Amino acid sequence: MDFTSLILPAILVVLAIVIISAGVRVVPQSETCVIERLGRFHCVLAPGLNFIIPFIDKPKTIYTRRVETGVGGRVYVRMTSSPILDLREQVYDFPSQQVITRDNVTTEINALLYFQIVDPKKAVYEIDNLPNAIEKLTQTSLRNVIGELELDETLTSRDTINSKLQVILDDATNKWGVKVNRVELQDITPPESVRVAMEKQMQAERNRRAEILNAEGEKRSLILRSEGEKASKINEAEAIKQSEILRAEGEAQAIILNAQAEADAILRVAQAVSNTQTDPATYMLAMKYIETLREMTTGKDNKTVYIPYEASSVLSSIGSIKGLFGDKA
């Protein structure tokens, strides 16, 4: 058997296999490939099995960004080239950069960018190096946004900054066939001197609030104490008032009872002397004279003898009483 006659068929079979292999492209799900025919854009391959013309159709090579971990855990970014475009949402973790705020404070900021390629043709032909362009655009946009804010606003307005950056980047990358879904500020690190000053300011603010709360508490305590004293004095005055009223009512009632008793006595005397010629008023006046004399002459050391000015009237009153009661008076 002549082996030289088998070499040519074998070569043809190998060439056919190579040509067929070069014309078959299998694209994974969520990925794509841009095909150029004789140097011009031809089509974008869909996921799955695709056929191209060998040596005429070629995939366009693009740049990709890879984050790798080196010796000692150091993370670094490396640019590679690949004919495959990833259509899934991607995240770029950019290294920290120095940013100056509006009040001239230099701050280190680290940002995360979430984006997705929605038009592979634009991503390949509208920009030379898409990962590098996105990184530089994000850095410059971040500087512009932070430069319009003061440090305090930067630390307290992350959501506002994220929204502004998302709108700016999405608008700028639209012509590159990229959709920016979200931007997040991961770390904001002011200088050490600024952090120390901020801590002192926060401590002073806490002390001020504590003093205000203490003052408010003391003020409230004094108000409550004064209100309590006021209520106590009012209650005491009310008690004294009620006591005086009750005492006055008691004295008035006693006077009324005494008057009623005297009225009854006068009435009885009048009834007793109604059958005589003695005047009841004269009788009562004489009794008052006698009581008054008794009170004036009572006492251990009292050696003074009192003679009323109206002696004749007294004697006549006594005579009336004697005439009324006989020799017993």
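**View 1. The lining of the largest pocket.** In this predicted model, 23 residues line the largest pocket, and those lying nearest its centre are I62, Y63, T64, I84 and L85. A pocket is defined on a 1 Å grid over the protein atoms alone as an open set of points where a 1.4 Å probe fits, with protein on both sides within 12 Å along at least five of seven lines, and lining residues have an atom within 4 Å of a point. The space in this pocket is about 400 Å³, a volume being the space filled by probe spheres set on the grid points, which are joined across faces, edges and corners. Two or more lining residues come from each of strand 6 (62–69), strand 8 (84–86), strand 9 (90–93), strand 11, helix 2 and helix 3, with strand 6 giving the most, 5 residues. Helices (H or I, at least four residues) and strands (E, at least two) are DSSP runs numbered from the N terminus. By class the lining holds 12 nonpolar, 5 polar and 6 charged residues, where Ala, Val, Leu, Ile, Met, Phe, Trp, Tyr, Cys and Pro count as nonpolar, Asp, Glu, Lys and Arg as charged, and the others, Gly among them, as polar.

**View 2. The second largest pocket.** This pocket, with about 170 Å³ of space, is lined by D152, M198, Q201, M202, E205, R206 and R209. Helix 6 (residues 192–272) gives the most to this lining, with 6 residues, and the lining divides into 2 nonpolar, 1 polar and 4 charged residues.

**View 3. The surroundings of L130.** Leaving aside residues up to four places away in sequence, L130 touches I117, A123, W176 and V178, a contact meaning heavy atoms within 4.5 Å.

**Notes.** Residues are numbered from 1 along each chain as its sequence is written, and side-chain values use heavy atoms, with hydrogens and water left out. Local features need pLDDT of at least 70 and side-chain atom pairs count only at pLDDT 80 or more, whereas totals for chains, interfaces and linings use all residues.
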